[in-house]
Amino acid sequence: MRSGLMAVSIFKALLVLASFVTSTVVAQEFHDSIPMNEIRVLASHNSYKIQPTLRTLRFLNRFKSVLSEENQPFQLEYSHVPITEQLSTYHIRGLELDVYNDPKGGRYFKHRLNLFIPNQRVREDKYKALKEPGFKIIHIPDIDYQTNNLTLSDALLELNEWSMLNPMHAPIFVNIELKGSALGDEAGILRLFGFKKAIPFDSNSLKLMDSLFQTRLKTIYRTTDFLNNERTLQDRILYQGWPTLGEVRGRIFVIVQGSGASSYPELGVAFKYGRSDNPNCIFLLCDDPRTKEMRIRQERSTHIIRTRTDAGTIEARINDYGRLSKALESGAQILSTDYYKPDPTIGFFVIPFIGFIPY
């Protein structure tokens, strides 16, 4: 791009950014009587993730011509700071953790892509926690595996410590995405090189996860807390209204989604993302506010809705705030981003508000 056109592009993007900043209240506090569905929180997407190494990205780019648009390597080029820093410095109040089942331990300890990348090795002592049985946090096993939290237990403990030290925080919403597929599921030839298939989540493994939520998160807000003696979650909203901000300050909501989520207890410790016609569903996923705006507007009085302001680094690379604009207009309560802070290697794209605001 010629320097003149680039300057015009940057100027236009700055004007868009400035208009959002001046029209949006930043980190404003509200009366504790406000219903919890009338707040908006900024969330991070794949909150644990660290960008793959340059060698990994260069290797993957050799195959970009045969990969689909949604699987292009450039979409892996983003990182997050540790959870504690997200919560304290950037006022993030929504997290997303991708979780793989590893009941015997060691399934994801080896990083098989490195077999094909000369001179790339990882310090395996750094990944010792992957040898233990449990639930592992990974974006894509064997390829995009670098993370601030190797295990679900570790991430929950970090979150719990921060919550206990900040008892008046706005509610935190934690997406747990159950992963049911890995590269070993995609092709037999990859399994010959040691790429593993994912182990499905079943009712027993999800009971263990349910127990983990209870023991690791002292400030968790349970489905039974929300029910408050009503028969279903929607009955609670119908007959008693939403809990107020004062009732949910200092609390953590965990919401389960993904492969095998149907096996999670209907009213376990955590909530579940689901369909709006389910009387025990109060959380909905509408990732693209450009196509789901009307649905979000219609459902937000009876549900808390998560949407995304950007995806796959695409908006960040062209300073496109159109998706953010639709997310704000829709009234979705959880706005997920990879850019609560700008990435200087891409540009200055950033979602320009923090904390939570009313409508």
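Guide: Strands E5 and E6 (residues 271-272) run parallel and are joined by two bridges. This is a predicted model, in which local features need pLDDT of at least 70 and side-chain atom pairs count only at pLDDT 80 or more, while totals for chains, interfaces and linings use all residues. Residues are numbered from 1 along each chain as its sequence is written, and side-chain values use heavy atoms, with hydrogens and water left out.

Visitor: What makes E5 and E6 a pair?

Guide: Two strands pair if DSSP finds at least two bridges between them. E5 and E6 have two bridges, so they count as paired. Ile255 stands opposite Phe271 in E6.

Visitor: In which sense do E4 and E5 pair, and over how many bridges?

Guide: E4 and E5 pair in the parallel sense over seven bridges. Asn175 has Ile255 in E5 as its bridge partner.

Visitor: Why is E5 called mostly covered?

Guide: Six of the seven residues in E5 are buried. Buried means under 20% relative accessible area, exposed over 50%, and partly exposed in between, with a 1.4 Å probe and protein chains only.

Visitor: How do you know that Lys49 and Asp144 form a salt bridge?

Guide: A salt bridge is a side-chain nitrogen of Lys or Arg within 4 Å of a carboxyl oxygen of Asp or Glu. The closest N and O atoms of Lys49 and Asp144 are 3.0 Å apart, so the pair qualifies. Lys49 is in the loop between strand E1 (40-44) and helix H2 (54-61), and Asp144 is in the loop between strand E3 (134-137) and helix H4 (152-165), 95 residues apart.

Visitor: Are these two residues buried or exposed?

Guide: Lys49 has 0% relative accessibility and therefore counts as buried. Asp144, at 1%, is buried too.

Visitor: What makes Glu96 and Arg306 a link between parts of the chain?

Guide: Their side chains meet in a salt bridge at 3.4 Å, N to O. Glu96 lies in strand E2 (residues 94-102) and Arg306 in strand E8 (residues 304-308), so the pair ties together parts 210 residues apart in sequence. Glu96 is buried at 4%, and Arg306 is buried at 4%.

Visitor: Why is Asp277 given its accessibility class?

Guide: Asp277 has 53% relative accessibility, so it counts as exposed. Its salt-bridge partner is Arg275, at 2.9 Å, N to O. Arg275 also counts as exposed, at 59%. The structure holds 18 salt bridges.

Visitor: What makes a set of residues a nonpolar core?

Guide: The members are buried Ala, Val, Leu, Ile, Met, Phe, Trp, Tyr and Cys residues joined through side-chain atoms within 4.5 Å. The largest such core has 52 residues, and Leu152, Met209 and Phe213 are among those touching the most other members. H4 supplies the largest share of this core, five residues.

Visitor: Which residues is Met209 in contact with, leaving aside neighbours within four places in sequence?

Guide: They are Val99, Phe135, Leu152, Ile176, Leu178 and Phe201. Contact means heavy atoms within 4.5 Å.

Visitor: Why is Phe193 called partly exposed?

Guide: Its relative accessible area is 39%, which falls between the two limits and so gives that class. Phe193 lies in the loop between helix H6 (188-192) and H7.

Key. Helices (H or I, at least four residues) and strands (E, at least two) are DSSP runs, numbered from the N terminus.
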